[in-house]
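Please take a moment with the sequence and the structure shown below before reading on. The paragraphs that follow go through them one part at a time.

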Amino acid sequence: MSKSTLTRRGVLKTGAVAGATLATPTIFTAGSAAAYTNEPTGSTVKFGFNVPQTGPYAEEGLDELRAQELAIEHINGMGDGGALNTFTSKALGGDGVLGKKVEFVTGDTQTKSDAARASAKSMIEKDGVVMINGGSSSGVAIAVQGLCQEAGIIFMAGLTHSNDTTGKDRKANGFRHFFNAYMSAAALAPVLNKEYGSDRRAYHLTADYTWGWSQQESIAAATEAMGWQTVNNVLTPLAATDFSSYIAPVLNSGADVLVLNHYGGNMVNSLTNAIQFGLRDKQVNGKNFEIVVPLYSELMAAGAGENIKGVYGSMNWNWQLTDEGTKAFVQSFGQKYGRPPSNSAQTCYAQTILYADAAARAGSFNPCAIAEALEGFEFDGLGNGPTLYRADDHQCFKDVLVMKGRDNPTSQYDTLELVEKTPVAQVTYDANHAMFGGDAATLGTCNAGA
Amino acid sequence: MDAILLQTLNGLDKGSAYALIALGLTLIFGTLGVVNFAHGALFMIGAFCAVTVSRILNLSYETVDPTKTDFLGNPLKVKTPYLEGWFGPEFGGALIDWSVPLAIIFAIPIMVFVGFAMERGLIKHFYKRPHADQILVTFGLAIVLQEVVKYFYGANPIPTPAPDALKGSADLGVLIGLDPNAVIYPVWRLVYFGFAALIVGAVFAFLQFTTFGMVVRAGMADRETVGLLGINIDRRFTIMFGIAAAVAGLAGVMYTPINSPNYHMGMDFLVLSFVVVVVGGMGSLPGAVLAGFLLGILESFASMNEVKSILPGIDQIIIYMVAIIILLTRPRGLMGRKGVMED
């Protein structure tokens, strides 16, 4: 005869636990495979565009916003469709994503990590966005990428060029369409070798923060590998505006090349100061003194004016490319805004399209399903030719552009000329490369949040 | 030797900008007793006067060049400045080329007017309020002014070059018997230094040798007594505010070829200029000029590789270190007067 252990108190306890479990929303239960942060339930889905709307990169942020708004139009079936017409993936039908119309909200990064995290957090928690896209700083990108990883949101970085973004700070929830400092150096070095020779002495001025260090390390390694000597590397404060006291020592240093590892206002001012000191008119070691700016943007070129003439640098993309994807995007952007898009605008446009396409292919807005759809994804038709989103580190691989300041611009937008389209094979590296965190760098596990 | 000479020149050049801004700041403090955090914005507005003059002189008409295309593949619209159309490429081009020096004529009345409007419209209501209130309201005004400029001109730096004749660099080493190319220095920076010296001299001469200046100096020493003599000292002080605004504005106009102006440039100089005023002594005009050049030179020497290799990061803190040392040893600053800001 078995003895029953069923008691009134036991039934009540079990019932209470079972009831509480059933009453708990599935979003808080670990076992619920469909639950993820901000799962859209209505007829719309919301994207978050986190760009600098105030501060020194506000113009760049404005151009990113223009491109993102255009991408939303194209995804929702409005306008001429832009590069959706040339994109090799046909998962998007011009009727939104997975039957939902796409809406967007914007945040202001102010190009400050704390402000960028706060605006991203607000868009995730208050606006219920399913992804964050954009930005114009590596420090900001790394900070927001970390936040999105914790929140269970996909982060598509904007203009971030430091190796660390998809190097030691890579995250499973983060992807980068933009190229990086290593790729700039790998593309530029052979052109510099061809133009200036292998016997050169380079003096570096480097912005004292994560991107500057990353850029300097990359370009110094690439130029030293072809025979150049690095005479000196001087770190300059990010807040510096007058670089005369850093330029003056270059004059009698024995260097015949000045490498400006500066971006934005720093680059505009340091290049202007270098030209004022007559560096490009000098002859040193029997050679013409040259200046190199490893990372260019159209807005920086406009700010530097005629000082940029003949100066070499690199870019992720440029409106002068002649592939079908570029032509379609430039036509669409130009018709709407009356100006050609910048390379940061193209990055944000492509990323918005790619995220939407990945969701359509995955059949879900679950960030882990989207990450899986983006990993190892190969496509064409969005600019730069055949492109790969590498699964190992979430870095995008495509051809890189070497540019030069144009001698005789025909308009305010015609400041740079395309010198070379460096094939992707020349800028590809191992995911565990020492400059990218080595073997210790890992993506971690995708976080769907909730 | 070459390096020391170059950094001394750099220091004098940086000091010129610091001294000009600090001169106006301390002039306002010495006369009206107002701590004006909007003074950096006046420097910025001056720079944008130069940008505006350059844009006016570059107003253009468009012609279509069917042989070239724009980024959309349409026939290229070529812009030709009206001035070149009216006066020919040579004279019209020269007027455009000299837009920055020409902007001085435009900037003086504009800046005096801005100074009057600022003082009469807002700051006069804060004379009897605590310094903290004055700082808050003028800082707020500075933010409003820079956002207005950003709205109309954008956030990107705008290149505003020097005239062709004053571009490039001069070999100063040869003049003092050194090897050729030993000491090369930008011509426009030398012009800026000379201009700053001229403006500082003119302000001192105005205060020292004119009746108006004598009354202002008397008012700075004892406002109440001057008032009892039947002199409208407030009106004179308002005029001094306008002059201080013009000095800051001219410093901004002439600075544009050194670094492309942007809406934030006033804030970049504001904190340093306040340090200059405090180090020089609140309300002391010679103190502001002396401290401006002193701190400019120290900042330049701290950027030398030889110094940075011994004290990394010294270039970022040198000015504040010197300020602390001077305030500890001379609490009123280098040339501060007893009783100023001590009540």
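In this predicted model, Tyr192(B), Phe195(B), Ile199(B) and Val203(B) in helix H7 of chain B meet Val247(B), Leu250(B) and Met254(B) in helix H10 of chain B. The residues of this contact of H7(B) with H10(B) divide into seven nonpolar, no polar and no charged. H7(B) covers residues 187-209 and H10(B) covers residues 233-255, and the two helices pack at an angle of about 170 degrees, with their axes 11 Å apart. Because angles over 145 degrees count as roughly antiparallel, H7(B) is roughly antiparallel to H10(B).

Elsewhere in chain B, Trp86(B) lies in helix H3, which is made of residues 82-97. Is Trp86(B) buried or exposed? Trp86(B) counts as exposed, because it has 10 C-beta neighbours inside 10 Å, and a residue is called exposed if that number is 12 or fewer. Trp86(B) is 156 residues from Gly242(B) in sequence, and the C-alpha atoms of these two residues are 36 Å apart in space.

Chain A and chain B also touch each other, in a contact that takes 37 residues from chain A and 35 residues from chain B. On the side of chain A, the elements that each supply at least two residues are helix H2 (58-75), strand E7 (229-236), helix H7 (244-251), helix H8 (264-276), helix H9 (298-304) and helix H10 (324-337). Of these, H7(A) gives the most, with six residues. The residues of the side of chain A that touches chain B divide into 17 nonpolar, 16 polar and four charged.

Chain A holds an open sheet of five strands in the order E2-E1-E3-E4-E5, with parallel pairing. The edge strands of this sheet are E2(A), residues 101-108, and E5(A), residues 174-176, each of which pairs on one side only, and the twist averages 20 degrees from one strand to the next. Within the sheet, strand E1 (residues 44-51) of chain A runs parallel to strand E3 (residues 131-134) of chain A, and three bridges join them; here Phe47(A) stands opposite Met131(A) in E3(A).

Two helices of chain A can be followed together with this sheet. Helix H3 (residues 113-125) of chain A lies across E1, E2 and E3 of chain A, and runs at about 150 degrees to E2(A). Helix H4 (residues 138-151) of chain A packs on the sheet as well, where it touches E1, E3, strand E4 (154-157) and E5 of chain A, and its direction makes about 165 degrees with that of E4(A).

Another sheet of chain A, an open one of three strands, has the order E13-E14-E15 with antiparallel pairing. Strand E13 (377-379) and strand E15 (396-397) of chain A stand at its edges, each with a single partner strand, so one side of each is left without a neighbour in the sheet. E13(A) pairs with strand E14 (residues 387-389) of chain A in the antiparallel sense over three bridges, and Glu378(A) stands opposite Leu388(A) in E14(A).

Helix H11 (residues 343-362) of chain A remains to be described. Its 20 residues, at 1.5 Å a residue, should span 28 Å, which agrees with the 28 Å that separates its end C-alpha atoms. H11(A) is mostly covered, since 18 of its 20 residues are buried, and it is followed by Gly363(A), whose phi is positive, near 75 degrees.

Notes: Residues are numbered from 1 along each chain as its sequence is written. Chains are lettered from A and ligands numbered from 1 in the order in which they are written. This is a predicted model: local features need pLDDT of at least 70, side-chain atom pairs count only at pLDDT 80 or more; totals for chains, interfaces and linings use all residues. Two strands pair if DSSP finds at least two bridges between them. Helices (H or I, at least four residues) and strands (E, at least two) are DSSP runs, numbered from the N terminus. Axes are lines fitted to C-alpha atoms, for helices over the stretch in contact, and angles run from 0 to 180 degrees between N-to-C directions. Two residues are in contact if their C-beta atoms, placed from the backbone, lie within 7 Å. Angles under 35 degrees count as roughly parallel, over 145 as roughly antiparallel, 65 to 115 as roughly perpendicular and the rest as oblique. Ala, Val, Leu, Ile, Met, Phe, Trp, Tyr, Cys and Pro count as nonpolar, Asp, Glu, Lys and Arg as charged, and the others, Gly among them, as polar. The expected span of a helix is 1.5 Å times one less than its number of residues.
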